[in-house]
Amino acid sequence: MTVTAEPPPPITAGSLLVPRLRAMTVGSVALVSLLAFEALAVGTAMPTVARALDGLALYGIAFGGPFAAGVVAMVLSGAWCDSRGPRAPMWVGLAGFVAGLLLAGGATAMGALVVGRIVQGFGSGLLSVALYVIVAQAYPEHLHRRIFAAFAAAWVVPSLVGPLVAGLVVEHFGWRWVFLAVPLVAVPAVLLIHPGLRSIGPARSADAPLRRRAHTWGRIGWACGAGVSAALLHIGGQQRGATAVALVGLALVGLLVCAPRLLPAGFLRAGRGLPTVVGLRGLASGAFVAAEVVIPLMLSRERGFSPTAAGLVLTTGALSWSLGSWVQGRIRAPRSRATLPRVGLGCITVGTAVVGGTVAPAVPVWVGVFGWAVAGLGMGLLYPSLSVLTLELSVPGEQGRNSSSLQLCDSLAAAAVLALTGTVLAAGAAPGPGSYAGTLVVAAGLALVGVLLAGRVVPPTR
């Protein structure tokens, strides 16, 4: 007589640290923190790296290359997770992330470092989408908001201390350890996740129809086009004059052609349900990044703030983001799916508009600090709620694809806004109150569009 093993009982507790989830939760949050730290720390170390390796000519591609590789990897990871489960993308992503860091840390020429950065970016893209699919399949729905809140909080400490720690490492140990130290923690983090992956398989049969496989390869091709365009955005944003305008313009055309083919059908017309959820992520990302770029420049040039003081103002946004994430993870689920996105985008609209008011010398700086804290609170309410909605609106077998679409829209919108903002600020002899105010008005406008569209996250009734 064959004895069938009983499936494990469902998790009904409200904690992420119940025995069955403890190791996976700790490992996942640690991994997100490491991805965040590396993304933030490299920016601090790269000027020293470029000088040491005489590689200023490749400085732009050292940032654009990994970003482009990550775009392609997100699309590949989504399809891979849906057809085979997240285990293989997780391990391959870890291998790429670690190998890239080791290559970069051991580089003796800037070209070798760029190769390492590209490999690292590819691994990061695989990991970021695989983590979303792990959440979808390993955590019960009532814990989704809490685990995404934990992921958001995992960015806070790196955003607060990452640049400082990276600077100290560069000064006292050498720039190579900014890359070489992270694998020492990344591998144990994934080993904590691994036992839980054994019970997670593909959400659909691995024998996908040939038409679906062809569609996947088509998406990867469009992802390559979007990745190249994103790399051009990074490079163009670091140029000046006509060269910057030409490169950024060409990159934006490439994104307009390629990106819609990687996002849900109906994205451009804000179709109800998932297309709007993904679109709101892009609008929020663009609005927040535009303001975040302008604030330290405005405070230092117009109000005489030191770089440290201006950075502390940005810290208020990071802390309130964490607070918003914590709040949305613990409040009772609202009756309407649109409530948290609408409130979050409303906070971003009001917060960035208030920050814009500080362009006027008569407005105290503390008003702008308060506005930025409100904007950060809105991001904390919004981001995890959109991640949860993405999984809720994804049928089994499409969780990876839809998660990759969400993260792609976020990344591409931020890249586009960064490049455009940099080009606008560099267009004149020197940025002034008009360019600051204009950028902040555009940021508030993007968030306001999101407020108006938030009701469309509710899918059409059938």
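**Group meeting: rings, helices and cores in a predicted chain**

Okay, so buried residues make up 52% of the 462 residues in this chain, where buried means under 20% relative accessible area, exposed means over 50%, and partly exposed is in between, with a 1.4 Å probe and protein chains only. Before I go on: this is a predicted model, where local features need pLDDT of at least 70, side-chain atom pairs count only at pLDDT 80 or more, and totals for chains, interfaces and linings use all residues. Residues are numbered from 1 along each chain as its sequence is written, and side-chain values use heavy atoms, with hydrogens and water left out.

Secondary structure, then. The chain has 16 helices and zero strands; these are DSSP runs numbered from the N terminus, H or I with at least four residues for helices, E with at least two for strands. Contact here means heavy atoms within 4.5 Å. Among contacts between residues at least 6 apart in sequence, 83% join residues at least 24 apart.

Let's do one helix pair. Two packed helices are described by the angle between their axes and the distance between the axes. For H2 (residues 59-84) and H3 (residues 87-105), the axes come within 8 Å and cross at roughly 145°. The axes are lines fitted to C-alpha atoms, for helices over the stretch in contact, and angles run from 0 to 180 degrees between N-to-C directions. Who meets whom? On the H2 side we have Ser 77, Trp 80 and Cys 81, and they meet Ala 88, Pro 89 and Val 92 in H3. That contact divides into five nonpolar residues, one polar and no charged. The classes are Ala, Val, Leu, Ile, Met, Phe, Trp, Tyr, Cys and Pro as nonpolar, Asp, Glu, Lys and Arg as charged, and the others, Gly among them, as polar.

Now the rings. How many aromatic pairs does the structure hold? There are six, counting rings of Phe, Tyr and Trp (its six-membered ring) with centres within 6.5 Å; planes under 30 degrees apart are stacked, over 60 edge-to-face, and the rest tilted. Take Tyr 132 and Phe 148: the ring centres are 4.9 Å apart and the planes sit at 50°, so this pair is tilted. The two residues are 16 apart and link distant parts of the chain, with Tyr 132 in H4 (residues 110-138) and Phe 148 in H5 (residues 144-154). Tyr 132 counts as buried at 9% relative accessibility, and Phe 148 does too, at 3%.

Next, Trp 321 and Tyr 383. Their ring centres are 5.3 Å apart with planes at 70°, so that pair is edge-to-face.

Tyr 383 is buried, at 11% relative accessible area, and the charged end of Arg 281 sits over its ring, 4.2 Å from the centre. "Over" has cut-offs: NZ of Lys or CZ of Arg within 6 Å of the ring centre and within 35 degrees of the ring normal. Arg 261 lies over the face of Trp 222 in that way, at 4.5 Å from the ring centre.

Leaving out residues up to four places away in sequence, Ala 149 touches Ser 325, Trp 326, Gln 328 and Pro 384. The C-alpha atoms of Ala 149 and Arg 330 are separated by 9.4 Å, although the two are 181 residues apart along the chain.

On to the cores. A nonpolar core is a set of buried Ala, Val, Leu, Ile, Met, Phe, Trp, Tyr and Cys residues joined through side-chain atoms within 4.5 Å. The largest has 103 residues, and Met 46, Val 49, Met 90 and Leu 113 touch the most other members. Helix H11 (residues 274-302) gives the largest share of this core, 15 residues. Apart from it lies another core, of 21 residues, among them Met 74, Ala 223, Ala 251 and Leu 408.

Most residues other than glycine have a negative phi. Asp 54, not a glycine, has a positive phi of about 50°; Asp 54 is in the loop between H1 (19-52) and H2 and is exposed at 71%. Ala 270 has a positive phi too, near 55°, in the loop between H10 (241-258) and H11, but Ala 270 is buried, at 13%.
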